[in-house]
Amino acid sequence: MLLSEICKDFIVLSSDVDESSSYNLPYLECVKDLAKKKAQKIFDNHKDDVVIGADTIVVFNDKIIHKPIDEQDAYHILKMLSNNEHLVLTAYCICYKDKQIVKVVTSKVKFFKLNDDTIYKYIREKKPLDKAGAYGIQDSSKEYPIVESFTGSYTNIVGLPIESLYRDLKDLKII
């Protein structure tokens, strides 16, 4: 878990937020809204704690690419991202006492040109249905050559921009 790189004492709680209402917003506002909703829902019941909510989206051609609904959808998403660049945006919201900090970190990812065999093998073996954009950068390897290059924060692409989050927690004197 990425958070363990900067904090050893934490618990993970699911916020069970309805995400669909945020999808009508422009993608930058959407990802911020989701992070805020997730953090606020937990913070409402944990006012004495530091609460961090986060959400990650993939954006291609100015459109949000959601988690795939099934393997066929995952195939279409990966085929679309093949040999192209896309953005990965992660928003996080820190709720602490009377403060709320919301940040968005953006990274750019370039995919190799993916053939059908690579895509089907990846879907079958890595099960990307729970991942925005139908992939995890941490899965890209010689065996699964998906990501050709990226710019920005690697941990952002994984799902939590640790470098930026660490600076904000330090500024708040939490760590």
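An open sheet of five strands runs in the order β2-β1-β3-β4-β5, with antiparallel pairing. Strands pair if DSSP finds at least two bridges between them; helices (H or I, at least four residues) and strands (E, at least two) are DSSP runs, numbered from the N terminus. This is a predicted model, in which local features need pLDDT of at least 70 and side-chain atom pairs count only at pLDDT 80 or more, while totals for chains, interfaces and linings use all residues. Residues are numbered from 1 along each chain as its sequence is written, and side-chain values use heavy atoms, with hydrogens and water left out.

Sheet and helix

- β2 (63-65) and β5 (147-151) stand at the edges with a single partner strand each, so one side of each has no neighbour in the sheet.
- From one strand to the next, the twist averages 35°.
- β3 (residues 85-96) and β4 (residues 99-111) pair in the antiparallel sense over 12 bridges.
- Ile94 has Ile101 in β4 as its bridge partner.
- Helix α1 (residues 27-43) packs on the sheet and touches β1 (51-60), β2, β3 and β4 (contact means heavy atoms within 4.5 Å).
- The direction of α1 makes about 155° with that of β1; axes are lines fitted to C-alpha atoms, for helices over the stretch in contact, and angles run from 0 to 180 degrees between N-to-C directions.

Ser82

- Ser82 lies in the loop between α2 (71-81) and β3.
- Ser82 has 9% relative accessibility and therefore counts as buried (under 20% relative accessible area; exposed is over 50%, partly exposed in between; 1.4 Å probe, protein chains only).
- Not counting residues up to four places away in sequence, Ser82 touches Phe111, Phe112, Lys113 and Leu114.

Lys97

- Lys97 lies in the loop between β3 and β4 and is exposed, with a relative accessible area of 58%.
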